[in-house]
Amino acid sequence: MRLRDATQADHRRLEIRTDILDRLARPDERRALVEGFHVLHAEAEAALAPWLADLPGLDFEARRRSDRLARDLAALGGRPGSAEAERPIVANVAEALGRMYVLEGSTLGGQVIRRAVEARGDGMLGLSFLDPYGARTGERWRAFLAVLDAHAATPADTDAMIAGARDGFRHAEHRLCGAMADV
């Protein structure tokens, strides 16, 4: 898949900088990380909804995770911030799907992270967002890929998806890792 190949370095940089397994092992870091995920999802969902809410085959509403993240944050003794969200700017459906690729891809990574946390005996308090689809994760991912394929009709569409995904990875890095150096 061209989208995956084109964003592989972005994904890897986010993975390294986030250092999620180490951060989840420390209660204060876990809360900060879940807070970052909440802000990330709330901002992204607000920006993507106008483009994706009614897109056939996507089921955008069922893919939202900000409410689940707010509950996870409350379970950790935190609460969503009251600051105004910085809504990312999205120009078209293809770009929105590229950004959604980052969010949906994290459901696959969430499965791996969840298993690692459980294997080392850490509790799962505040981490339900890692497994939003349960046994349907693979099915939901394949359905999302079908929507991507249906909207990658031209090279320009694919380029817009790649641009959206790269922006989505930068947005995730900013929210989960703090201000980043110029890339």
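**From a loop to the packed helices**

Mentor: Asp 19 is partly exposed, with a relative accessible area of 39%, where buried means under 20% relative accessible area, exposed means over 50%, and partly exposed is in between (1.4 Å probe, protein chains only). What you see is a predicted model, in which local features need pLDDT of at least 70 and side-chain atom pairs count only at pLDDT 80 or more, while totals for chains, interfaces and linings use all residues. Residues are numbered from 1 along each chain as its sequence is written, and side-chain values use heavy atoms, with hydrogens and water left out.

Asp 19 sits in the loop between α1 and α2; the helices named here are DSSP runs (H or I, at least four residues; strands would be E, at least two), numbered from the N terminus. Phi of Asp 19 is near 45 degrees, which is a positive value in a residue other than glycine. Asp 59, in the loop between α3 and α4 (60-63), also has a positive phi, near 55 degrees, and it counts as partly exposed at 42% relative accessibility.

Leu 3 is buried, with a relative accessible area of 4%, and, not counting residues up to four places away in sequence, it touches Tyr 101, Leu 148, Met 161, Ile 162 and Ala 165, contact meaning heavy atoms within 4.5 Å. Asp 10, which lies in α1, is buried with a relative accessible area of 1%, and, its neighbours within four places in sequence left aside, it is in contact with Arg 166 and Phe 169.

The next topic is the nonpolar core, a set of buried Ala, Val, Leu, Ile, Met, Phe, Trp, Tyr and Cys residues joined through side-chain atoms within 4.5 Å. The largest one has 43 residues, and those touching the most other members are Phe 37, Leu 48, Leu 52, Leu 97, Tyr 101 and Phe 144. Among the helices that each supply at least two residues of this core are α1 (2-18), α6 (93-119) and α7 (137-150). Setting aside neighbours within four places in sequence, Leu 97 has contacts that include Leu 52, Phe 144, Val 147 and Leu 148.

Now look closely at how α6 and α7 pack. Two packed helices are described by the angle between their axes and by the distance between the axes. The axes of α6 and α7 come within 10 Å and cross at roughly 160 degrees; axes are lines fitted to C-alpha atoms, for helices over the stretch in contact, and angles run from 0 to 180 degrees between N-to-C directions. The two helices are therefore roughly antiparallel to each other, since angles over 145 degrees count as roughly antiparallel, under 35 as roughly parallel, 65 to 115 as roughly perpendicular and the rest as oblique. Among the residues making the contact are Leu 97, Tyr 101 and Leu 108 of α6, together with Trp 141, Phe 144 and Val 147 of α7. The residues of this contact divide into eight nonpolar, four polar and one charged, where Ala, Val, Leu, Ile, Met, Phe, Trp, Tyr, Cys and Pro count as nonpolar, Asp, Glu, Lys and Arg as charged, and the others, Gly among them, as polar.
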